[in-house]
Amino acid sequence: TVFNSFSSNEKNIIIQKILNLDEASENDAIQVADIIISLKNPTIVDLMHQQLKIQYEKAELSKSDKGVAIYGILSSLIAKKIDNGWAKYVAEKYELPGLDQIDSYTLFNQNMENIQQYYFYNDDDGVGSYNNFIRSYERSPLEWNIKDLGLFVLVQSKTGRKVEIFANKAREGERGIKDMLDYMKTNSLEPQIVVHRGLSTHTLKTFVRIPSSTKLILDGSCGGYYVQQVAIDRAPGAQILCNRNVGTMHINDPLFKQINDDIRAGKDIIWPDFWEKMNQRVGTNPYFKDYIPPHKNAAAILIKALYDILELN
């Protein structure tokens, strides 16, 4: 509404400023990717399309590999919003990572086990999140079993495919985490899924522990979206579900448990379909809009594509 109140010349100036990126700052490019993914107004899409072509050609002339890659990726994103045009051609050269789904087979190891690590921390939020997490599985005694292993617990599937969730007891804090990690290392258990629960002040503590074997990262904390590059660096092949603003256990637990029920059932997770199903279930909670599924995660899409292109070059 605000944008449409400007004159044509003012609109052009605004789009030029938005797309005149500092190529050294990936955060600027991520913000533009966010804008493009959310665009619905065809006028703005058209202006962005025109300006991206100009900036892409400038980067080519200046022989900036990173600049060309960034504008190429952004052009691939805008290509999804148009029927035809220059960006469609560029999109053929700059393939975006396929994050619309995660295939079931990728979430199991050679022994057909899905191994998960859940991290909780010893503060009021962490303790509350841990207790709610345990209750969510206690309510499904026919499908899930909870085994107490001292400073941590093991939640195991009883039906369907084998899923094992290792979670430290929140009140045990770092002692519980160490005990859990030592047990997993001793038994050669590498996680395919890593989950962070609790306050954002602890998010990086979890992210720096993520092993490269991880295929899916679930972050239930507030604002994890803004530090996820640490997680991407640790596990470049992983998909990430995180939060842009406020995370809450009233969404985290039904959301993450539904993912695990689908994994237990051997289902591929098709993110647009899954997200629509969860929207019907918990979408009345105003904080659900702050959650970013992998297929809409602009930061992960841009960073993964950029790393792939620059490494290829």
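This is a predicted model: local features need pLDDT of at least 70, side-chain atom pairs count only at pLDDT 80 or more; totals for chains, interfaces and linings use all residues.
Local features were taken at pLDDT of at least 70 and side-chain atom pairs only at pLDDT 80 or more, whereas totals for chains, interfaces and linings use all residues. Residues are numbered from 1 along each chain as its sequence is written, and side-chain values use heavy atoms, with hydrogens and water left out.

With a salt bridge defined as a side-chain nitrogen of Lys or Arg within 4 Å of a carboxyl oxygen of Asp or Glu, the count comes to 14 salt bridges. Among them, Glu 113 pairs with Lys 162 at 3.3 Å, N to O, and this pair links strand 2 (residues 113-119) to strand 5 (residues 162-168) across 49 residues. On a scale where buried means under 20% relative accessible area, exposed over 50% and partly exposed in between (1.4 Å probe, protein chains only), Glu 113 is buried at 13%, Glu 164 is buried at 8%, and Lys 162 is partly exposed at 39%.

The axes of helix 3 (residues 42-61) and helix 5 (residues 86-93), lines fitted to C-alpha atoms over the stretch in contact, come within 10 Å and cross at roughly 55°. Helix 3 is therefore oblique to helix 5, a class that holds the angles left over when those under 35 degrees count as roughly parallel, over 145 as roughly antiparallel and 65 to 115 as roughly perpendicular.

Note on methods
Axes are lines fitted to C-alpha atoms, for helices over the stretch in contact, and angles run from 0 to 180 degrees between N-to-C directions. Helices (H or I, at least four residues) and strands (E, at least two) are DSSP runs, numbered from the N terminus.
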